[in-house]
Amino acid sequence: MENPSDYIESWMKTQQQAINSLKDQAAQMQSFFMNTSGATDNPFTNWTKSAFQAFPMGVDATLAKDTFSKTLYGNDAMQKLYELWQPMLDAIRNKSIDPNNYADLADPAKMKALVEKLFNFDIGAMSQLQEQTAKYADVYQQFGKPWTDAWINAAKSQSSNFMQGNFAQNDFQPETLIKQMQAAYAIFESTTGKVFSAPAVGKDREKMELISKCAKAMSSFAANNIEYQQLMQVTGQEAMQAVIKTLAEKVEAGEKFEKFDEFFALWIDVNEKTFNKLFQTKEFSKKRNAMTEAGFNARKLYNEIIENQLADLPIARRSEMDEVYKLVYDLRKQVKSMEFQIKELKTSASKTKE
Amino acid sequence: MNNPFSNIDAKLTMKYLGDFNSKLIKGAELLTDIEEIDVGTAPRQLIYEEDKLKLYRYKAEADKSCGVPVLVVYALVNRPYMLDIQPDRSFIRNLLKLGLDVYIIDWGYPTPSDRYLSMDDYINGYIDNCVEAVRKSAKSEKVSLMGVCQGGTFSAIYSALHPEKIQNLITLVAPFDFSTNDGLLFNWSKTMDVDALVDAYGVVPGNILNDGFLMLMPFNLNIKKYIDMLDVMEDKEKLLNFLRMEKWIFDSPGQAGECLRQFVKDCYQGNKLVKGKLKLGAKTVDLGKITMPILTIYASADHLVPPAATKPFNDLVGSEDKTLYEFQGGHIGVFVGSRSQKELAPAISKWLIQRDVPAPVKVAAAKVAPKADEPEVVKATLMPKVAAKPSSPKKPKVTNTPKS
């Protein structure tokens with residue numbers, strides 16, 4: 001260095017470079033670990049995709065892939081759990097808060113997403129079924145299309161409200177939504193829904209009646225399914241409250257978590273117990289069975305509609321195959337019985353000869 | 001105020017995420033290396049087949065300790081290789097090492113053409129034909145039946161209907177008294193509309209039943225189990241063990257609709273077996289007609305078949321020689337748990353040897369079972385019905401409940 005000012009200038013440049021470098025690194029880290037909403041699932045999503053693409057298809061690759069997927073699924077759930085509780089953890093770290101107010105920091109929408117993921121709630125399949133039925137309804141019941149569309153739109157809008165919008169509100173009251181759904185269903189039944197019970201006329205009467213029955217069965221399934229999901233979501237909320245209560249007790253007792261894993265274990269335990277309590281109730285059995293029964297009935301009727309569609313094609317239909325299966329079953333029994341009789345006769349004949 | 005999270009900081013969290021990724025990457029490498037998840041490796045020979053069913057005889061691993069062959073009847077749900085999940089955790093191999101002559105029924109995977117198979121077909125048809133095949137193969141007048149879970153219920157029903165062919169009856173974690181509400185499955189099944197289920201599917205997909213099983217402990221079985229898997233992902237052997245169980249859990253055959261319909265309606269909902277009202281074909285099942293020695297094994301922490309569903313069985317049978325055995329563990333731990341490897345097979349073997357028949361009853365029984373490559377597969381025909389002597393109970397023994 002020729003003079004002190006050069007030295008200071010050089011030192012400042014170095015410092016600036018170091019700071020810039022740190023800033024760049026931080027930005028890179030941030031972009032890697034954080035998505036725009038501040039969640040930490042980006043690297044997992046990207047990595048999962050590339051890992052799946054890299055999987056070879058070997059003898060047991062499907063199982064390995066499936067297992068791996070479940071591992072990621074489990075970890076994704078853990079990520080979601082972490083996101084759910086992160087605001088509370090931050091708040092606890094940064095300032096002392098009243099444990100009774102912890103609940104305000106947890107986002108019910110995230111809890112709901114977790115419950116949905118865990119119990120495989122899939123309204124997509126239902127919507128698809130509804131749309132397909134609507135297409136058949138369109139073909140065979142032109143005059144009923146406006147009503148069918150209205151019904152489908154109503155069902156979709158209700159589902160959408162339930163699944164996305166309303167639940168995320170902090171002042172959300174699940175019972176209110178269910179009452180709203182029940183009221184909407186009652187209105188539907190007493191107005192446009194009547195068309196589905198009305199006797200059909202004309203050359204395609206049976207087909208139209210079947211479509212009406214199927215639509216009605218699907219609406220029944222949709223209603224039962226939402227009631228069932230509501231029960232699960234409410235229990236999810238109860239479980240969240242139970243976790244909060246347990247945490248509050250730990251706070252008061254001066255206990256600490258060393259690792260997130262410990263909190264995870266507590267969370268699993270409390271949730272399992274809370275849901276198990278629900279599963280033991282008659283209400284749960286009743287609602288789950290009502291939902292599955294309605295789903296099975298809808299599926300059965302839907303299969304019949306498909307069969308009607310395929311009637312003119314040169315292919316064997318399900319009911320025809322069932323007849324064949326029954327025949328094969330009966331014939332097998334007869335053949336076995338006869339084989340047995342022949343064997344018995346041969347044995348007794350050989351004994352007689354001796 | 002103290003808070004429980006004061007020791008968790010962002011650095012630790014990032015470290016966790018980093019470690020997590022490392023484990024996943026290493027695990028992914030191992031997963032791609034694994035080409036085969038081997039299960040059910042104990043050598044065996046196919047001796048009879050009928051429709052989808054296959055009957056195997058395991059290759060002997062020791063001198064025969066018991067003259068009467070053992071026929072294992074597994075449940076229709078899931079696959080029987082759970083009993084031989086891996087060489088060092090194999091209930092079957094443990095029995096073979098103790099000199100038992102073991103046969104097993106593999107029900108196969110029902111297809112839509114099997115939807116009309118009934119409980120009568122399974123019990124008075126398939127099981128009876130297998131018993132005949134075993135009698136012929138082992139040249140033994142009688143067979144010891146060993147039923148697992150639903151297979152235990154079926155074995156008991158068979159033994160009540162055909163007591164003359166059964167030397168001993170062993171049931172493991174099998175339900176008999178369905179009136180209990182101890183288990184969630186029992187609770188849920190009582191109100192389920194099985195007609196709607198069977199009518200919708202014909203052969204009910206295994207996945208539907210699996211969903212029910214996963215619902216029993218959703219957080220542990222859907223999330224925690226896979227988080228815990230991370231800890232074994234870097235160890236190939238442990239990972240393989242995990243994958244073997246995983247393979248078994250999700251390897252769920254469909255259920256023949258008519259059989260499932262009757263099982264749910266008559267057993268879970270009607271509790272007809274215990275009430276003496278269960279009908280198979282033209283016959284009514286009377287558990288009082290079970291007069292052979294019985295060994296009833298239940299698991300103390302069984303969440304699928306609670307002890308309350310199993311224990312009453314010993315009070316319903318006509319046998320005088322009956323043993324109730326409590327295993328400290330769960331439904332699956334009975335077969336794959338590390339304690340089970342040391343405890344269960346020896347206990348069963350000892351019990352069987354004590355009740356083995358004297359030589360005259362056996363018909364030229366071989367000292368050891370034939371090798372796995374030896375011939376004679378009987379295919380899809382019925383065995384000639386060998387006349388068997390009626391069961392003659394031995395002198396009464398005190399009912400006991402050994403605990404480890």
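## Strand pairing in chain B

Strand β2(B) and strand β6 (residues 102-106) of chain B pair in the antiparallel sense over four bridges; strands count as paired if DSSP finds at least two bridges between them. Helices (H or I, at least four residues) and strands (E, at least two) are DSSP runs, numbered from the N terminus. Within this pairing, K54(B) has D106(B) of β6(B) as its bridge partner.

Strand β2 (residues 53-58) of chain B is also joined to strand β1 (residues 44-50) of chain B, the two running antiparallel with six bridges. Here Q45(B) is bridged to R57(B) of β2(B). β1(B) and β2(B) form a hairpin with two residues between them, and D51(B) in the turn has a positive phi of about 50 degrees.

## Basis of the model and its confidence

This is a predicted model, in which local features need pLDDT of at least 70 and side-chain atom pairs count only at pLDDT 80 or more, while totals for chains, interfaces and linings use all residues. Residues are numbered from 1 along each chain as its sequence is written, and chains are lettered from A and ligands numbered from 1 in the order in which they are written. The model scores ipTM 0.78 and pTM 0.73.

The pLDDT, the predictor's confidence in each residue on a scale from 0 to 100, averages 66 in chain A, where 41% of the residues score at least 70.

Chain B averages a pLDDT of 85, and 83% of its residues score at least 70. In chain B, pLDDT stays under 50 over residues 359-375, for which the model has 30 contacts beyond four places in sequence. It also stays under 50 over residues 380-404 of chain B, which have 54 such contacts.

## Helix packing within each chain

Two packed helices are described by the angle between their axes and the distance between the axes. Axes are lines fitted to C-alpha atoms, for helices over the stretch in contact, and angles run from 0 to 180 degrees between N-to-C directions. Angles under 35 degrees count as roughly parallel, over 145 as roughly antiparallel, 65 to 115 as roughly perpendicular and the rest as oblique.

In chain A, helix α9 (residues 205-253) packs on helix α11 (residues 282-310) at about 155 degrees, with the axes 8 Å apart; α9(A) and α11(A) are therefore roughly antiparallel. Their crossing is left-handed, meaning that the near helix is turned anticlockwise from the far one by less than a right angle (right-handed if clockwise). The contact of α9(A) with α11(A) has 16 nonpolar, six polar and six charged residues, where Ala, Val, Leu, Ile, Met, Phe, Trp, Tyr, Cys and Pro count as nonpolar, Asp, Glu, Lys and Arg as charged, and the others, Gly among them, as polar.

In chain B, helix α6 (residues 194-201) and helix α10 (residues 257-269) pack at an angle of about 175 degrees, with their axes 10 Å apart, which makes α6(B) roughly antiparallel to α10(B). V194(B), D195(B), V198(B) and Y201(B) of α6(B) meet G257(B), L260(B), R261(B), V264(B) and K265(B) of α10(B). These residues divide into five nonpolar, one polar and three charged.

## Helix packing between the chains

The axes of α11(A) and α6(B) come within 9 Å and cross at roughly 30 degrees, which makes α11(A) roughly parallel to α6(B). The crossing of α11(A) and α6(B) is left-handed. From α11(A), E293(A), F296(A), N297(A), R299(A) and K300(A) meet A196(B), L197(B), D199(B) and A200(B) of α6(B). By class, this contact has four nonpolar, one polar and four charged residues.

Definitions and conventions: Two residues are in contact if their C-beta atoms, placed from the backbone, lie within 7 Å.
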